[in-house]
Amino acid sequence: MRIAVVGATGMVGEVMLKVLAERNFPVTELIPVASEKSVGKLIEFKGKSYAVVGMQTAVDMKADIALFSAGGETSLEWAPKFAAAGTTVIDNSSAWRMDPTKKLIVPEINASSLTKDDKIIANPNCSTIQMVLVLAPLHKKYNIKRVIVSTYQSITGTGVKAVQQLENEYAGVQGEMAYKYPIHRNAIPQCDSFEENGYTKEEMKLVRETQKILDDRTIAVTATAVRVPIVGGHSEAVNVEFSNDFVVSDIQNILHHTDGVVVQDNNDTYTYPMPMYAQGKDDVFVGRIRRDESQANTLNMWIVADNLRKGAATNTIQIAEYLIAAKFV
Ligand SMILES: NC(=O)c1ccc[n+]([C@@H]2O[C@H](COP(=O)([O-])OP(=O)(O)OC[C@H]3O[C@@H](n4cnc5c(N)ncnc54)[C@H](OP(=O)(O)O)[C@@H]3O)[C@@H](O)[C@H]2O)c1
């Protein structure tokens, strides 16, 4: 497979290269791609150096698959050009996610909907992926009516510039700001820009993408997304109301048998997920599973995952692995 990694110099791109190597993905030729300012920069992959190329050069190289993580605007402009050249694009930005002609894929849930005609495939938002992976098997069994989610999101979700801002603040030096406010010792109740309805784009992604991936527009979702000075991953307090009643131990058992999910839930041993320990891992961790005693058929959970892994790079590469196994590329 000739693989283009578009955004190879970025936060997600770097992890993509790591995950490709770790999973022994069948890369015969790597094409690292970034903006014009990075052209010629050397990228290490499996002991070899590769020079970064620009977008048009990459299109002309006609890779089999292009893994995009270079922002929405870049994707809107360039993904169709790669697709027209015969390259299958798997895109990490929000550009195509809600396009009704594009599939929004979490492999464990809906990869089977893919066909060889899907030339631009959307990877969901990081905070959505970790939540739906846990919700999908529960929806099947108990039917979800409503989800209330509050997120505690890592600065790595904003990219290289945000990590630099936090490091500058730790060191007490002035520098470029990724956020409007300091993030060190702070919690910013704004992830991404605001929409007309008063919610942020990140919050509305949790609403719309959940409904699309679970293929059920009747699921009500409301979200509050908060940026915290954490690097290991995103955490989410999730309250779920079902149509049907449940037994907590059955929920734990279902999740215990769900691919990609690890249950860490034992109050006696203080076992619960935390971003510090999720960092660098491909799984989604769930704990603090308990009944909401204020309302019938309702559950509380705490869900944590490394946003750069299952929330981005790993999910993208799992989609690529599915395409190869199905002989769609
Ligand atoms: N971070 C996360 O947890 C996460 C999770 C899911 C999805 N995403 C999405 O993934 C994308 C990248 O995020 P990130 O966190 O990796 O950001 P980042 O660290 O800022 O990296 C951005 C990458 O995009 C490249 N790029 C920017 N403008 C470009 C252009 N006009 N043409 C070609 N390449 C261009 C940059 O290249 P240069 O170095 O040359 O500027 C860099 O490689 C975003 O769409 C983001 O929404 C991020």
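**Close-up views of a two-domain predicted model**

Between domain 1 and domain 2 there is one salt bridge. A salt bridge here is a side-chain nitrogen of Lys or Arg within 4 Å of a carboxyl oxygen of Asp or Glu. The model is predicted: local features need pLDDT of at least 70, side-chain atom pairs count only at pLDDT 80 or more, and totals for chains, interfaces and linings use all residues. Residues are numbered from 1 along each chain as its sequence is written, and side-chain values use heavy atoms, with hydrogens and water left out.

**View 1. The two domains of the protein chain.** Domain 1 covers 2–123 + 312–325, and domain 2 covers 127–307. These bounds come from an automatic or database domain assignment. Taken over C-alpha atoms, the domain centres lie 25 Å apart.

**View 2. The interface between domain 1 and domain 2.** Contact (heavy atoms within 4.5 Å) joins 18 residues of domain 1 to 18 residues of domain 2. The two domains bury about 1,500 Å² between them, 68% of it on carbon and sulfur atoms. Buried area is the accessible area (1.4 Å probe) that two parts lose on being put together, summed over both. Met11, Met98 and Ile109 supply 37% of the area that domain 1 buries against domain 2, more than any other three residues.

View 3. Glu209 and Arg97 pair through their side chains in a salt bridge, at 3.3 Å from N to O.

**View 4. The ligand site.** A side-chain N or O atom of Thr9 sits 2.5 Å from a ligand oxygen. For Ser38, a polar side-chain atom is 2.4 Å from an oxygen atom of the ligand. Val160 uses its backbone: an N or O atom there lies 3.1 Å from a ligand oxygen.

**View 5. The salt bridge of Glu321 and Arg23.** The structure holds 16 salt bridges. In the one between Glu321 and Arg23, the closest N and O atoms are 2.8 Å apart. This pair links distant parts of the chain, 298 residues apart.

Methods. A polar contact is a pair of N or O atoms within 3.5 Å; within protein, one must be able to donate a hydrogen and the other to accept it, and residues adjacent in sequence count only if both atoms are side-chain atoms. Helices (H or I, at least four residues) and strands (E, at least two) are DSSP runs, numbered from the N terminus.
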